[in-house]
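Please examine the sequence and the structure shown below before reading on.

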Number of protein chains: 4
Amino acid sequence: MCKYNFYDDYSEGAHPSILEALARTNLIQAEGYGEDRFCTEAKQMIRTHLDNSDADIHFISGGTQANLVVISSVLKPYESVIAAVTGHIAVHEAGAIEATGHKINTLETDTGKLTPDDIKPVIDMHCDEHMVSPRLVFISNSTETGSIYNRNELEQLSEFCRNHDLLLYLDGARLGPAMAAPCNDLSLPGLSELVDIFYIGGTKNGALLGEAIVINHEGLKKDFRFHLKQKGALLAKSRVMGIQFMELFRNNLFFELGAHSDSMALKMADAIEKSGYVFLTKPVSNQIFPVFPDKLIEKLSEKYGFHIWKKMDDNSSAVRLVTSWATTEKAVYEFICDLKRFA
Amino acid sequence: MCKYNFYDDYSEGAHPSILEALARTNLIQAEGYGEDRFCTEAKQMIRTHLDNSDADIHFISGGTQANLVVISSVLKPYESVIAAVTGHIAVHEAGAIEATGHKINTLETDTGKLTPDDIKPVIDMHCDEHMVSPRLVFISNSTETGSIYNRNELEQLSEFCRNHDLLLYLDGARLGPAMAAPCNDLSLPGLSELVDIFYIGGTKNGALLGEAIVINHEGLKKDFRFHLKQKGALLAKSRVMGIQFMELFRNNLFFELGAHSDSMALKMADAIEKSGYVFLTKPVSNQIFPVFPDKLIEKLSEKYGFHIWKKMDDNSSAVRLVTSWATTEKAVYEFICDLKRFA
Amino acid sequence: MCKYNFYDDYSEGAHPSILEALARTNLIQAEGYGEDRFCTEAKQMIRTHLDNSDADIHFISGGTQANLVVISSVLKPYESVIAAVTGHIAVHEAGAIEATGHKINTLETDTGKLTPDDIKPVIDMHCDEHMVSPRLVFISNSTETGSIYNRNELEQLSEFCRNHDLLLYLDGARLGPAMAAPCNDLSLPGLSELVDIFYIGGTKNGALLGEAIVINHEGLKKDFRFHLKQKGALLAKSRVMGIQFMELFRNNLFFELGAHSDSMALKMADAIEKSGYVFLTKPVSNQIFPVFPDKLIEKLSEKYGFHIWKKMDDNSSAVRLVTSWATTEKAVYEFICDLKRFA
Amino acid sequence: MCKYNFYDDYSEGAHPSILEALARTNLIQAEGYGEDRFCTEAKQMIRTHLDNSDADIHFISGGTQANLVVISSVLKPYESVIAAVTGHIAVHEAGAIEATGHKINTLETDTGKLTPDDIKPVIDMHCDEHMVSPRLVFISNSTETGSIYNRNELEQLSEFCRNHDLLLYLDGARLGPAMAAPCNDLSLPGLSELVDIFYIGGTKNGALLGEAIVINHEGLKKDFRFHLKQKGALLAKSRVMGIQFMELFRNNLFFELGAHSDSMALKMADAIEKSGYVFLTKPVSNQIFPVFPDKLIEKLSEKYGFHIWKKMDDNSSAVRLVTSWATTEKAVYEFICDLKRFA
C-alpha cells in the first residue's frame with residue numbers, strides 16, 4: 001500500500017510504550033481468564049480515572065463482541081434495543097445483536113445522536129405483549145458520524161432513561177478522541193455516572209486490540225463473566241489486555257492519543273474549510289466528512305486512502321477522513337498541500 | 001505469585017520473536033478485518049505447511065470462540081455435535097455451543113479420544129425428527145487428557161465420518177505439542193486431509209493470543225466471514241494475528257515450541273515414573289497426570305501451582321502438570337529434586 | 001360483550017361443518033404428529049386445489065408460529081428478511097423472528113405491498129460481510145392494510161426475486177378473503193407457482209385454529225419436520241388439523257367463507273362511501289379503513305367493537321372494521337342504519 | 001388402521017362433552033389471544049381445583065411448546081436445566097431446549113424420577129463461569145416410564161431445590177393419569193404448592209389439544225405473555241383452549257378421564273402378571289411395560305399397535321402399552337383373551 005491511509009484509526013499497530021510493556025512483562029507468570037495481576041492493576045487504574053471504586057470492569061477483544069455480549073447479557077428475550085439508524089449495531093455488525101435474539105428499534109437522526117424526543121414515540125408505541133419491549137438505549141461517543149455528546153445532552157438523555165426504566169449503554173470505540181475533543185465538556189467520571197454501562201475503546205486508540213467494558217449499574221454486574229465465557233470473549237491469556245490498559249491508564253496516555261488523533265483531523269478540517277469546502281457534519285473529532293468535487297476526490301484517491309461516504313450531487317461527494325494516534329504531521333501537511341495543488 | 005506455575009500453558013506471554021515482529025512492523029499501515037498483508041502472508045505460510053493451497057484460513061482470538069463460530073456455522077438448527085464427555089465444548093465452555101442453538105451428544109470414553117465404535121450407537125439411535133440429527137464429530141488433538149490420535153485412529157475415524165455423512169472437526173488448541181510428541185506419527189498435512197475443519201492453536205503454543213481456523217471442506221468455505229463478523233470474531237486490527245502466525249510458520253517455530261513443551265513434561269514424567277508413581281493416563285505430550293500421595297501433593301503445592309484432577313482413593317489423587325513453550329529446564333529440575341526430597 | 005364485534009376475524013368459533021366433522025371422526029383411531037390419515041387426505045385435497053402434486057404441506061397452529069418456523073428454517077444465521085414496515089413480522093410478533101436470530105430489513109410503503117423498486121436499494125446496500133445478507137422477501141396477501149396483490153404485481157415481484165437469488169414467502173393469514181375478493185385476478189395455483197413458500201390461513205377463515213404451510217421450493221422441503229418439532233409446532237393430535245382442512249378444501253368452503261367475509265365488508269364500505277366518507281386505503285377485502293368524525297366514532301363505539309387505526313386530523317380518525325365468515329347480514333344492516341342515524 | 005392402537009394416548013379425538021361445548025358456544029363473539037371470557041372462566045375453575053387464587057395460568061397448544069416457552073422464559077442465557085436422561089426434553093424434542101440456548105444436564109436414573117441425591121453432584125460440579133449454572137430441575141409426573149412421584153419424594157425434591165436456589169418445573173403431559181393413579185398420595189393442590197411452575201396436560205387426557213401452564217413462583221409471572229407471543233404460542237382464537245379446559249375442570253372430568261386410562265392399563269397389567277409375565281417398571285398408571293417373548297409380540301402385533309421399548313435378551317423384549325380416556329373395555333378384554341390364546 002503506497003497510499004497514505006486515512007481510511008480508519010486501526011491501520012497501525014500499538015503505541016510503542018504498550019509494546020515495551022508487553023516485552024518487559026513477557027516471562028512473568030500470571031493467571032488466565034481475566035484473573036491475572038495485570039488485569040487487576042489495570043482495572044484499578046481505570047477506576048481511579050473514573051473516580052468510581054465500585055465500577056466492574058472486564059476486558060474484551062473487540063467492539064462488536066463488546067456490543068453483543070453487553071446487550072445480550074442485560075436484556076430478557078423479549079426486550080429490544082433502541083439505536084440511531086447510523087448506530088454501529090444497526091447495520092455494520094452483520095446482525096450480531098439479532099443473532100443473540102433481540103430486535104433493534106432504529107431511529108432516523110440528523111446528527112448520529114439520540115435525544116429524549118427521538119426515543120419517546122418508540123416507547124409510547126410499544127405498549128403490549130404483541131410487540132417487543134424496548135429496554136436499552138444504545139449510543140456511541142463519538143458517534144459514527146464524528147459528532148460528540150455534550151454534557152447537557154447526555155444529562156437529558158440519562159435522566160429520560162432513568163425516568164422510563166430504560167438502560168443507557170454507550171459504545172466508546174472512539175471514546176479517546178471524544179474525551180479529547182476541543183469542544184468536549186464531559187469528563188470521564190462525568191460521562192460514566194450518566195450511563196449504566198459503556199466500553200472504553202482500546203483498538204482505535206493505540207492498543208493492539210482490546211476494549212474495557214465498565215459496568216456501573218449494580219443489577220448488571222452479577223454473573224457477567226458467565227456471559228463473557230459463553231460468547232467466547234474470555235481470553236485465556238488475559239494478561240495481554242491488562243498490560244495494554246495499564247499503559248493507557250497508568251497516566252494519561254489514553255487521552256493524549258485521543259488528542260493527537262483529533263488534532264490531526266482538525267488541522268485538516270481547518271485547511272479544508274479555508275479552501276472553501278463545506279462539511280457533511282461539523283468536524284469536532286478524529287473523523288471528518290468534507291464535501292469535495294468528484295474530480296478532486298479522484299486525484300486525492302491516487303495518493304490517499306479514504307471512504308467515499310455519500311454522493312451529494314452530480315459533481316460532488318462527502319468523503320470520510322479518519323486520523324489515528326499514529327497519523328503523522330507530515331502526512332497531514334502533505335494532504336493539505338495536495339488539496340491546494342489538486343484544486 | 002511466588003509459586004512456579006504448572007497450571008497451564010498460557011501463563012507467560014509470547015515467544016520473543018513474535019514480540020519483535022510486532023515491534024518491527026508496528027507503523028506499517030495495513031487494512032483491517034483480516035484483509036491485511038500480514039494475514040495474507042501468514043495464510044500462505046500455513047498453506048505451505050499444510051501442503052494444501054486450497055485451504056481457507058481465518059484467524060480468531062481464542063479457542064471457545066473458534067469452537068462456537070465453526071460449529072454454529074456448519075450446522076442447521078436441528079443438527080447436533082457428537083463429543084467425548086471430556087471434550088472442551090461439553091463442560092468447560094459455559095454452554096457456548098448450546099447458546100448457538102445446538103445440542104451436544106456426549107459419549108463416555110476412557111482415553112479422551114473417539115472411535116467409530118463410540119459414535120455408531122449415537123447415530124443409530126437418532127433416527128427421526130423427534131430427535132436432533134447428529135452431523136458433526138468434535139475431537140481434540142491433543143485431547144483434554146493429554147492423549148493424541150495416531151495416524152491409524154484418525155484415518156478410521158475420518159473414513160467412518162465420510163461414510164456416514166458426518167463432518168469431522170478437530171480442536172487444535174494444543175496441536176503444537178500433539179504434532180511434536182515423540183510418539184506422534186501424523187504429519188500436519190496428513191492430519192489436515194483427514195478432517196473437514198480444524199484450528200491451529202496459537203494461544204497455548206507461544207502466541208500472545210490467536211488461533212488459525214483451517215477449512216478444507218469446500219461446502220464450508222462460503223460466507224465464513226459473515227459468521228465471524230456476526231459472532232464478534234473479526235478483529236479490526238487483524239494484523240496482530242497475521243504478524244504472529246507469520247512468525248510461528250515462517251520456519252518451524254510452531255513445532256519447535258510444541259517440542260519444548262513436550263520435552264519438559266516428559267522429563268518430569270520420566271522422573272516421576274522412576275520414583276515409582278503411576279499415571280492416570282499415559283504421558284505423551286505436555287499435559288501429564290501422575291498419581292501422588294495426598295501428603296506429597298500438599299508439600300509440592302507450597303512451591304508449585306497445579307490442578308488436583310481426581311481423587312483416586314483415601315490417600316492419593318491424580319494431579320495435572322502442564323508445561324509450555326516457556327517452561328524452564330531449571331524449574332523442571334527443581335521439581336524433580338523436590339519430588340525426591342518431599343517423598 | 002354486548003357490543004357487536006368488528007374488531008377482527010377470529011371472534012367466533014369454526015364453521016359448523018368443521019365441528020360436525022370433528023364429532024363424526026372423533027373415535028376413529030389415528031397416528032399422531034402429522035402422519036394421520038386425515039392430514040394425508042387434507043394435503044391431497046389442497047394439492048388438488050393448487051394443481052400441484054409436488055407441494056409439501058404441513059399444518060401448524062397459528063400464524064406467528066408459521067412465520068417463525070418458515071423463516072428460521074430457510075435462512076442461514078447471517079441472512080435477513082425484507083418486509084414492509086407494516087408487515088406482521090415487523091412489529092406485531094414480539095420480536096419472534098429476531099428471537100430466532102435474524103434481522104428484518106424494513107421498508108416504508110404506502111400500500112402495504114412490496115415492489116421490486118422498493119427492494120432493489122436494500123439488496124444493493126448490503127454488499128459485504130459487515131452487514132447481513134438479505135435472502136427472503138416477506139409479503140402478506142391480503143396485506144395488513146387490506147390491500148391485495150394482483151397477478152401482474154406478484155409476477156414482477158416473483159421474477160425480481162428469482163433473478164436476485166431471493167426467496168419469496170407469502171403470509172396467507174387472510175388468503176381466503178384475498179382469493180375471494182371481487183377485484184382479485186390471481187388463482188390459487190397461479191399464486192402458488194409465483195412464490196417459494198406460503199401459508200394458507202385457517203384461523204381467520206373459519207377453522208378453530210390452524211394454518212397450512214405450502215412448500216414449493218425443492219431445496220426447502222427436506223427436513224422441515226425437524227424444524228417443526230424443534231419449535232414446538234408438531235402437534236401430537238394432528239388429526240385436529242387434518243379434519244379441519246379436509247372440510248375447508250373438500251369442495252370450496254375455504255373460498256366461500258372468504259367471499260362471505262369480503263361481501264359483508266364491502267357492503268359496509270359501499271354504504272359508508274355513499275354516506276360521503278372517504279377511506280384510508282381502498283376497500284377491497286374483509287378489512288376496511290373508513291375515516292369518520294371522532295364524534296361519530298364515539299357513538300358507534302357504544303354499539304360496535306373496532307380499532308381506531310390512525311388519527312387523521314383534530315376531528316377525525318381512520319378506523320378498522322373487520323368482518324369474518326360468521327359476520328351476519330343483520331349486523332351489517334344495523335351498522336349501516338346506525339351510521340346514518342348517528343351522522 | 002385395522003389394528004387397535006395401544007401406541008399412545010392421543011390416538012382419538014376429544015371427550016364428547018368438549019365437542020358439545022365447542023358447538024354450544026360457537027357463535028358467541030369473544031376476545032382473542034387468551035383474553036376471552038372462556039379462558040378467564042377456565043383459569044378460575046383451575047385455580048379452584050388448585051386451591052390457589054394467586055396462580056397465573058396460560059393455555060398453550062402442546063407439550064414441547066410448553067417446555068420450551070417455560071424453560072427459555074425462566075433461565076438466563078448461561079443457566080441450564082437438570083433432567084433425567086429419560087426426560088422428554090432430553091432426547092425426544094429435537095433439541096427444542098438447546099435451540100433456545102440452554103444446555104440440559106442429564107442424569108441416569110432407574111425410575112425416571114429424580115432425587116436430591118441424583119442432583120447434588122451436578123450442582124457441586126458446576127462451580128464457576130467456565131461451566132453453565134444449573135438453575136431449573138425438570139421432572140415429569142407421570143414420568144416417561146409410567147412411574148409417579150409420591151408425596152414424600154416430591155416434598156424432599158422440592159425442599160432440596162428451595163435450599164439450593166433451584167427452580168422446580170413439572171411436565172404434566174400425563175398429570176391426569178398420575179393424579180388418578182390408585183397408588184397416588186398427592187393431591188393437585190399438594191403437588192402445586194411443591195413446584196414453581198408446571199403444566200396440566202390436556203392433549204393426552206381428553207382434549208383436542210392444549211395444555212395449561214400454571215405459574216406459582218411470583219418472580220416468573222411477570223411478562224410471561226411476551227414469551228408466549230414471541231415463541232408463536234399465543235393463539236388468536238384462544239377460546240378453543242378456554243372452552244376445553246372449562247369442560248375438564250368444571251367438575252371432575254379431568255380426573256375421571258385419568259382414572260379411566262389408568263383403570264384400563266391396570267386391568268391389562270393384572271392379567272399380564274397373572275399370566276406370569278414380569279414388567280420393566282412397576283405398572284402404576286396408564287403406561288405399562290411388560291416383558292413378552294418375541295414370538296408373542298409378533299402375534300400381538302398383528303392385531304394391536306404398540307411400541308417395542310427395549311430388547312431384554314435373545315428371546316424377549318419389553319413393550320409399551322398405553323391406554324387413554326377413550327380406550328374401551330372391549331379392547332382391553334380382547335387383548336387379555338388374545339394374550340392367553342397366543343401364549
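What radius of gyration would a compact globule with 343 residues have, and what does chain A have? A compact globule with 343 residues would have a radius of gyration near 20 Å, and chain A agrees, since it has 20 Å. The radius of gyration is taken over C-alpha atoms, and the globule rule is 2.2 Å times the number of residues to the power 0.38.

This is a predicted model, in which local features need pLDDT of at least 70 and side-chain atom pairs count only at pLDDT 80 or more, whereas totals for chains, interfaces and linings use all residues. Residues are numbered from 1 along each chain as its sequence is written, while chains are lettered from A and ligands numbered from 1 in the order in which they are written.

The C-alpha trace of chain A spans about 60 × 55 × 35 Å along its principal axes. Chain A contains 15 helices and 13 strands; helices (H or I, at least four residues) and strands (E, at least two) are DSSP runs, numbered from the N terminus. Of its 343 residues, 59% count as buried, where buried means that 20 or more other C-beta atoms, placed from the backbone, lie within 10 Å of the residue's own. Among the contacts in chain A with a separation of 6 or more, 74% are between residues 24 or more positions apart; a contact requires C-beta atoms, placed from the backbone, within 7 Å.

The copies come next. Two copies of a chain are related by a rotation about an axis and a shift along it. The superposition is by least squares on the C-alpha atoms of residues with pLDDT of at least 70 in both copies. Of the contact residues of chain B, 100% recur in chain A, and the same surface serves both copies. Here 39 residues of chain B are in contact with 40 residues of chain A. Elements giving two or more residues to this side of chain B include helix 3 (63-74) and helix 12 (239-250) of chain B. By class, the side of chain B that touches chain A has 19 nonpolar, 15 polar and five charged residues. Nonpolar covers Ala, Val, Leu, Ile, Met, Phe, Trp, Tyr, Cys and Pro, charged covers Asp, Glu, Lys and Arg, and the others, Gly among them, are polar.

Chain C is superposed on chain B by a rotation of 180° with 0.0 Å of shift along its axis (RMSD 0.0 Å). That is the relation of a two-fold axis. C:Lys76 is the residue of chain C that comes closest to the rotation axis, at 4.0 Å (C-alpha).

Within chain C, an open sheet of seven strands has the order 2-8-7-6-5-3-4, with mixed pairing; two strands pair if DSSP finds at least two bridges between them. Strand 2 (56-60) and strand 4 (104-107) of chain C each have a single partner strand, so one side of each is left without a neighbour in the sheet. Strand 7 (residues 197-201) and strand 8 (residues 211-215) of chain C run antiparallel and are joined by five bridges.

Finally, C:Trp325 lies in the loop between strand 13 (316-322) and helix 15 (329-342) of chain C. C:Trp325 counts as buried because it has 24 C-beta neighbours inside 10 Å. Not counting residues up to four places away in sequence, C:Trp325 touches residues including C:His15, C:Leu257 and C:His260.

Terms used: Contact = placed C-beta atoms within 7 Å. Buried ≥ 20, exposed ≤ 12 C-beta atoms within 10 Å, placed from the backbone.
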